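Trainee: Could we go through this model together? I would like to start with the aromatic rings.
Mentor: Go ahead and ask.

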Amino acid sequence: ISLLKNLALDLPVLIGPLLDLPLRIFLFLPCPVNSVGNLPLGYMKLNEAEEVEAVLANTKQILNQLLRKSHIKMSNSLFFKPFKPLVDHSSSLSQIDELISAKRYEAAMKLAVDLRNLSLEGLHYFQTYDWLILMTVITLGYTGWMIVLALHVLQCYSSLSGDLSRKGHFSVQKRHSRKVYLSGCLLMAILTVLNLVEHSPPLYHAYIGMTVFLWTQIFSEYRLIRGLWIYLRERKAGYFIKLLFAAAVSIVIVELLVHSFTERKLYTWFFLIAGFVSSVLLHISIPWRSGIPVFVCISCWFLSVFTLMPAEIPDNNNLVVISGAIIIVISLAAKWLDTHAEGNKFWQSITIHESRKPMWSKLYFIQIILVGVSSVMVSLSTKHRTQNQELHSSHQFINWLVAGSSMVLPLFSGNGILSRLSSIFLGFAPPFLLLSIGYEAVFYSALAVVLMSWILFENASHHSSKAKDSSLSEQNTEEHVTIGSEERYLQLSDVRIPLIFMVLFNVAFFGTGNFASIASFEISSVYRFITIFSPFLMAALLIFKLFIPFMLVICAFSAITKLVRVPRLGCYFLVILFSDIMTIHFFFLVKNTGSWMEIGNSISHFGIVSAQVVFVLLLFALTNLYTRTIRVKPLSTSPSLKTL
């Protein structure tokens with residue numbers, strides 16, 4: 001019995017309660033009241049008559065549950081639909097009793113088993129009685145929310161409103177809006193009364209109320225939707241080809257992200273393809289011979305290796321120490337580029353400094369020293385703990401001091417994109433190294449190099465667009481109208497920015513493990529900071545370690561929005577839009593049958609994607625401390641370029 005209980009995690013959910021039945025029978029106890037399992041006759045030594053009576057009792061137990069649920073639902077529903085196969089269940093019970101009285105046990109057993117199976121189907125019918133309406137309401141709610149977001153982005157962060165106003169398609173109709181809001185309030189009142197009459201749970205009111213509110217907002221923007229339809233009809237075929245291509249690429253990437261929750265190797269294929277495609281595009285857009293396409297390709301291919309590695313990270317302190325040396329080499333290369341490429345017109349957007357301060361160079365080398373100290377402390381702390389089975393107090397103090405001070409120093413670094421992001425990269429390296437035990441330390445450097453490649457790609461794209469603008473006449477000026485002095489309106493091609501952000505953000509989730517379970521990360525990574533067992537502090541350190549790659553991705557995202565002069569809030573709304581598409585997909589993938597692991601994973605995936613929107617917003621607020629002072633100088637439109 002205990003063996004079967006241990007195997008319950010791998011058995012279907014409906015079979016789990018059965019494992020208690022044989023034990024209860026042996027102890028002469030009644031079966032569980034809410035059991036929905038079939039009685040395992042193989043565990044009992046009964047004659048034919050006793051077997052029929054036992055199965056009949058099991059059938060009546062399940063049937064009574066069905067009748068109770070049917071009575072509750074019928075008493076609360078205005079339009080009740082019974083389970084038709086069991087409308088005449090009493091006659092079936094009478095027929096079974098007659099067969100038992102006539103000692104026709106085989107026929108009675110067959111009828112009892114059939115009635116039990118129908119009762120299980122009916123029980124599932126009433127358990128899922130409201131599923132259709134609930135799933136419809138929730139799907140309409142998510143769809144309405146996405147349409148509201150899309151309309152808000154088009155109205156506030158694109159040039160569509162100005163174009164419609166100039167062409168006279170955007171007339172004000174307050175009377176129409178009042179009618180829409182009045183109709184929405186009336187519909188919400190009717191649905192609320194119906195829910196109250198049916199004694200629906202409070203969540204039903206919330207689901208329906210939010211859905212009605214969102215669709216009321218959509219219909220209140222009738223003039224914008226109508227103007228958008230007229231605007232699209234006036235566009236040429238080439239615009240629709242671009243629109244369909246952008247939509248197809250977006251759907252493919254979103255579906256890749258959905259399936260990557262169960263298959264991490266998809267990221268490997270994505271970065272292999274992305275490295276090749278981006279290098280080709282860079283080779284075309286850069287008008288001189290450059291090593292940037294090769295760098296971008298190699299960095300993407302290097303990152304693709306990590307999603308092939310096991311989620312269980314093996315101990316390898318030597319690899320952590322080597323990772324510290326790799327971080328120093330990368331930072332020195334970035335420092336050299338930041339110093340020697342500032343006069344180049346191609347690099348000036350990411351290397352410009354409003355003012356030079358002597359302390360910035362000293363600060364940079366202090367950060368490099370802290371990375372070196374953290375690498376040494378990884379080796380010393382681990383060696384001492386292995387030999388003496390405890391962490392030396394001086395090592396613990398140095399580890400906390402290095403990790404804490406290093407994260408403050410980037411606030412005082414230069415305000416150019418390359419110098420600030422390099423300082424952030426160095427600032428979070430010591431705590432990440434001290435919390436690492438294996439190849440995830442190398443993943444930190446690989447992710448940072450890919451983020452740098454992303455910045456170089458956007459810089460090249462921005463540079464080529466500026467060069468085209470300088471050679472074109474004023475007939476295309478409406479494509480580049482600006483919101484303010486530092487931002488321009490979003491264009492269709494800017495959809496790539498939130499899509500790439502979502503890919504890199506999810507790679508930070510699953511690049512070195514499975515974020516759905518913190519237990520999948522090795523607890524020994526916190527032993528360099530604490531000497532006693534403290535579950536809350538251990539969990540906090542582990543979660544902080546997981547947050548560090550996210551911080552790098554969001555800092556790079558914020559820097560890129562400043563580089564290409566697009567509104568960061570508008571891009572964030574697009575991230576929400578794509579995240580909601582993933583959420584709907586995971587909503588339909590939630591399971592209530594199968595193994596406990598399958599059910600738990602489906603729920604956790606839905607929960608992670610649902611919380612990702614708020615999670616990203618909080619990290620945006622936190623990383624704003626590091627990125628708010630970044631300054632970008634507009635690229636010169638002069639056609640003459642100095643190659644590096």
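Trainee: How many aromatic pairs does the count come to?
Mentor: The model is predicted: local features need pLDDT of at least 70, side-chain atom pairs count only at pLDDT 80 or more, and totals for chains, interfaces and linings use all residues. Residues are numbered from 1 along each chain as its sequence is written, and side-chain values use heavy atoms, with hydrogens and water left out. Rings of Phe, Tyr and Trp (its six-membered ring) pair if their centres lie within 6.5 Å. By this rule, the count is 31 aromatic pairs.

Trainee: Are the rings of Phe83 and Tyr125 stacked, edge-to-face or tilted?
Mentor: Planes under 30 degrees apart count as stacked, over 60 as edge-to-face, and the rest as tilted. The ring centres of Phe83 and Tyr125 are 5.5 Å apart. Their planes stand at 40°, so the pair is tilted.

Trainee: How many residues apart in sequence are the parts that this pair ties together?
Mentor: Helices here are DSSP runs (H or I, at least four residues), numbered from the N terminus. Phe83 sits in the loop between helix H3 (48–76) and helix H4 (89–101). Tyr125 belongs to helix H5 (residues 105–127), so the parts tied together are 42 residues apart in sequence.

Trainee: Is Phe83 buried or exposed?
Mentor: Buried means under 20% relative accessible area, exposed over 50%, and partly exposed in between (1.4 Å probe, protein chains only). Tyr125, at 26%, counts as partly exposed. Phe83 has a relative accessible area of 12%, so Phe83 is buried.

Trainee: What is the angle between the planes of Tyr572 and Phe573?
Mentor: Tyr572 is buried at 7% relative accessibility, and Phe573 is buried at 16%. Both are in one aromatic cluster, whose members include Phe501 and Phe505. Tyr572 and Phe573 form a tilted pair, 6.2 Å centre to centre, with an angle of 45°.

Trainee: How many residues does the largest nonpolar core have?
Mentor: A nonpolar core is a set of buried Ala, Val, Leu, Ile, Met, Phe, Trp, Tyr and Cys residues joined through side-chain atoms within 4.5 Å. Those with the most contacts inside the largest one are Phe271, Leu303, Tyr444, Phe501, Phe505 and Met582. A second, separate core of 21 residues includes Phe83. The largest core has 117 residues.

Trainee: With which residues is Ser375 in contact?
Mentor: Ser375 is in helix H16, which covers residues 358–388. Ser375 is buried, with a relative accessible area of 7%. Contact means heavy atoms within 4.5 Å. Leaving aside neighbours within four places in sequence, the contacts of Ser375 are Val321, Gly324 and Leu433.

Trainee: How far apart in space are Leu380 and Arg528?
Mentor: Leu380 is also placed in helix H16. Leu380 is partly exposed, with a relative accessible area of 39%. Leu380 and Arg528 are 148 residues apart in sequence, and their C-alpha to C-alpha distance is 9.8 Å.

Trainee: What is the phi of Lys103?
Mentor: Most residues other than glycine have a negative phi. Lys103 is in the loop between H4 and H5, and counts as exposed at 63% relative accessibility. Although Lys103 is not a glycine, its phi is positive, at about 60°.

Trainee: Where is His199, another residue with a positive phi?
Mentor: Phi of His199 is near 55°. His199 counts as exposed, at 58% relative accessibility. Its place is the loop between helix H8 (174–197) and helix H9 (202–220).

Note on methods: Helix = DSSP H or I, 4+ residues; strand = E, 2+ residues; numbered from the N terminus.
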